[in-house]
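Thanks for coming. I will show one protein model and then go through a few of its residues.

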Amino acid sequence: MNTASPPARRLVLASKSPARLGLLRQAGFAPEVMVSGVDEDALAVTSPQELARVLAEAKAEAVAGRPEAAGALVVGCDSVLEMDGRRLGKPAGAQEATARWTVMRGRSGLLETGHCVIDTVNGRRTSAVAVTTVRFGEPSDAEIAAYVATGEPLHVAGAFTLDGLAAPFIDGIDGDPGNVIGLSLPLLRRMLAELGVPITGLWASR
């Protein structure tokens with residue numbers, strides 16, 4: 001009797017984020033990366049949380065429609081930081097990043113990551129948003145200047161990272177740390193289950 005496990009489903013990440021790719025690899029997956037090319041500034045959505053969801057859906061849809069994604073499970077994500085009801089995405093430059101950190105220090109914000117999963121085999125899909133509270137520390141002006149000079153905050157939502165150089169400036173979080181990095185694995189598990197796909201069946205080595 002052949003008791004070999006069926007081959008794992010292809011998992012495609014519709015994002016160029018190395019942090020999201022790293023999270024999936026650390027959790028035992030071997031995702032393919034297909035960058036969506038979606039213009040994040042082209043969608044006019046007022047609610048930061050809704051914008052995160054809509055962008056995640058747009059990224060997943062753009063990749064799921066490609067012939068090379070046929071048969072795969074496509075995951076799209078997008079993160080925004082909400083503070084005072086405003087969306088804070090990637091800063092436009094060093095000056096904006098500096099101003100952003102001057103406002104954020106000593107305060108809390110909501111890191112909201114939209115997730116969308118599309119099963120290209122049957123067209124089924126699901127989307128949701130994970131929210132984590134981030135409590136910022138109080139870096140000095142000199143520390144902010146040094147951090148901005150590294151260039152890191154110019155490439156990430158909210159102008160900070162939890163797994164990079166900004167980590168010493170984050171006092172704590174309330175919620176899923178992976179969500180702050182860019183992808184909530186517990187939420188992904190629930191979404192895959194909703195589509196009838198056990199997450200353990202996607203592990204690269206079983």
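This is a predicted model: local features need pLDDT of at least 70, side-chain atom pairs count only at pLDDT 80 or more; totals for chains, interfaces and linings use all residues.

Residues are numbered from 1 along each chain as its sequence is written, and side-chain values use heavy atoms, with hydrogens and water left out.

Back to aspartate 84. Its phi is near 55 degrees, a positive value in a residue other than glycine. Most residues other than glycine have a negative phi. Aspartate 84 counts as exposed because its relative accessibility is 58%. The cut-offs are these: buried means under 20% relative accessible area, exposed over 50%, and partly exposed in between, with a 1.4 Å probe and protein chains only.

Alanine 159 also has a positive phi, near 65 degrees. Alanine 159 sits in the loop between α4 (141-149) and β7 (170-174). Is alanine 159 buried or exposed? It is buried, because its relative accessible area is 0%.

Now the whole protein. It has 6 helices and 7 strands. Helices (H or I, at least four residues) and strands (E, at least two) are DSSP runs, numbered from the N terminus. In order from that end, the elements are β-α-β-α-β-β-α-β-β-α-β-α-α. Of the 206 residues, 46% are buried. The C-alpha atoms fill a box of roughly 65 × 35 × 25 Å along the principal axes. Contact means heavy atoms within 4.5 Å. Among contacts between residues at least 6 apart in sequence, 70% join residues at least 24 apart.

One pair of residues shows such a separation. Arginine 10 and leucine 73 are 63 residues apart in sequence, yet their C-alpha atoms are 6.2 Å apart in space. Arginine 10 is in the segment before β1 (11-13), and leucine 73 is in strand β3 (residues 73-83). Leucine 73 counts as buried because its relative accessibility is 0%, whereas arginine 10, at 29%, counts as partly exposed. Beyond four places in sequence, the contacts of leucine 73 include Arg10, Val12, Ile118 and Leu202. Compare glutamate 40: it is 33 residues from leucine 73 in sequence and 22 Å away in space, C-alpha to C-alpha.

What does the side chain of arginine 10 reach at 3.0 Å? It reaches the backbone oxygen of alanine 70. The side chain of arginine 10 also makes a polar contact with the side chain of glutamate 32, at 2.7 Å. A polar contact is a pair of N or O atoms within 3.5 Å; within protein, one must be able to donate a hydrogen and the other to accept it, and residues adjacent in sequence count only if both atoms are side-chain atoms.

Arginine 100 counts as buried because its relative accessible area is 8%. Its side chain reaches the backbone oxygen of glycine 89 at 3.0 Å. Leaving aside neighbours within four places in sequence, arginine 100 is in contact with Leu88, Gly89, Lys90, Pro91, Gly158 and Ala159. That list includes Ala159, the alanine with phi near 65 degrees.
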